Amino acid sequence: MTKDYTYGDIREAKYMDLAIIPVSDVSSQFCNYVIKLIEQIENRKRARRAKDQSSFEYASKLILGDLLIARTKDNAGWLFRSVSKKNFYHSEIKGDTFNLIVRLLEALDYLQVIKGSNHSNAFAQSEDNRYVPGLATRFKASDKLLSLWQDTGYETIDLKDHFKKKPRLNEIQLKSASSRYQKQKIKGKNLRVEKTTQTQAIKLRLFNINKYILKQNFEGMEFYGLRRLYNEGDHPSFNWNLGGRLYGVGENNYQRLKKEQRSKIKINGEAVVELDINASYLRILHSLRDFSIPDAEDIYAIEGIDRRIVKSWISSTLGHTGFHRAWPSRSIEEFEKANVQKPKKLTYPLVMKKVVEHLPVLSDWPQCGVRWSNLMFEESEAMISTMEALREIDVVALPVHDSLIVPHSKAVIAHDILKETFEKRFGVNFVIKGL
């Protein structure tokens, strides 16, 4: 197959989530036809058991769904996914089954594949860092597969009506701590979620949240569930108490919309309000460390420094294990994007001096024993409790980390319950904006 892609194309590939299924007779029949074709070239000596055959067909449909929908997007249609078996812990598909189907589709010329690989680390000091991550394997539905779909009488753009994302109601994920190789941040690896009384209780709680939200009607967004992601699962103190934030399922979920776009969402035909918690992590940190919060409406406000600079300093610090020596590149990008004019003399250490004077709770941040993952867990627990309390009075709420989207007519009562829940849990004052 001739090379018809650029490095930029594969670099911008989207994650292959394996969560899209055929939802019409046409798409189901199409998938069944492709499955028969790949079974023919597989040339098995004996038939699969009924259960295994069902799993094989289901896996094939998930793979086809992701590949085909990717070709309807504005990008080049590439997807990425690690083909290592250990990266299928949270998938409905086993790694062996996935790799078999991929090979068969490639053999039929229905799939383009660019194999991924890691890079050898010349400075490795142990087996743990012998390799640094490169690009994961890339996949793209071929024009031949699209042509086969068009034989049904429908065009590529019509795929969106025939394949839809499957809602996920009780998905929890666990990742190891991230690490660094020189200036490159290496994301934590997926860890196996063992079936225990504790994890089953977490899943049940998440299932009840998703089940209620899925009953609602939405405009301006699609909802396929919330998943809960726990972090630093390899930390000695981990006991399902690090991370735990709720994330929307799917790359186009409502949490990825800009705030202006989220304001156009409608829940059951009604306009919405987004209620934001002012300085959520910072207030929780004061509570955990038993410090008094400054008596101010906005605790980011420090005389003589743009509020956005103060907020960026605090955010970048709380997201790190210690104090930075200079402004992180992400902060600089945020300043440029927001058109914030940061004086050259306003260095990270100078802002640190001003912030610590204003907020002594941060003076010993690297040694205080609290990390970002503790703060995230505490915030997520309080946010989930708020959503559950609102559900009891039939008020739907969509979380966006430190904010909640609610119907306009329920904004006041949601505001009061959000404030009451956080203040009862942490014993400090919380300021909720958005009314």
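Predicted model: local features only at pLDDT ≥ 70, side-chain atom pairs only at ≥ 80, totals over all residues.
**Ground rules.** I kept in mind that local features need pLDDT of at least 70 and side-chain atom pairs count only at pLDDT 80 or more, while totals for chains, interfaces and linings use all residues. Residues are numbered from 1 along each chain as its sequence is written, and side-chain values use heavy atoms, with hydrogens and water left out.

**Entry 1: α2 against α4.** I looked up how helix α2 (residues 25–42) packs on α4, and found an angle of about 90 degrees with the axes 10 Å apart. Helices here are DSSP runs of H or I with at least four residues, strands are runs of E with at least two, and both are numbered from the N terminus. The axes are lines fitted to C-alpha atoms, for helices over the stretch in contact, and the angles run from 0 to 180 degrees between N-to-C directions. The angle makes α2 roughly perpendicular to α4 (65 to 115 degrees; under 35 counts as roughly parallel, over 145 as roughly antiparallel, and the rest as oblique). V34, I38, I41 and E42 in α2 meet L100, I101, L104, L105 and A107 in α4, where contact means heavy atoms within 4.5 Å. By class, I noted 8 nonpolar residues, no polar and 1 charged (nonpolar covers Ala, Val, Leu, Ile, Met, Phe, Trp, Tyr, Cys and Pro, charged covers Asp, Glu, Lys and Arg, and the others, Gly among them, are polar).

**Entry 2: α9 against α13.** I then turned to helix α9 (residues 280–288) and helix α13 (residues 372–392), which pack at about 100 degrees with their axes 10 Å apart. That makes α9 roughly perpendicular to α13. From α9, the residues S280, Y281, I284, L285 and L288 meet W372, L375, M376, E378 and E379 of α13, a contact with 7 nonpolar, 1 polar and 2 charged residues.

**Entry 3: F163.** Leaving aside neighbours within four places in sequence, its contacts include I20, I21, P22, L68 and W149. I also noted that F163 and V26 are 137 residues apart in sequence, yet 9.9 Å apart in space from C-alpha to C-alpha.

Entry 4: I found 3 cavities of 30 Å³ or more. On a 1 Å grid over the protein atoms alone, a cavity is a set of points where a 1.4 Å probe fits but cannot get out, a pocket is an open set with protein on both sides within 12 Å along at least five of seven lines, and lining residues have an atom within 4 Å of a point. The largest cavity has a volume of about 70 Å³, and α13 gives the largest share of its lining, 5 residues. M376 and E379, among others, line this largest cavity, and both also take part in the contact with α9. The second largest cavity holds about 60 Å³, and its lining has 7 nonpolar, no polar and 2 charged residues.

**Entry 5: an open space.** The second largest pocket holds about 350 Å³ and is lined by 14 residues, of which D52, S55, F56, K94 and T97 lie nearest its centre. Its lining divides into 5 nonpolar, 2 polar and 7 charged residues, and α3 supplies the largest share, 6 residues.

Key: Points joined across faces, edges and corners; volume = space filled by probe spheres on them.
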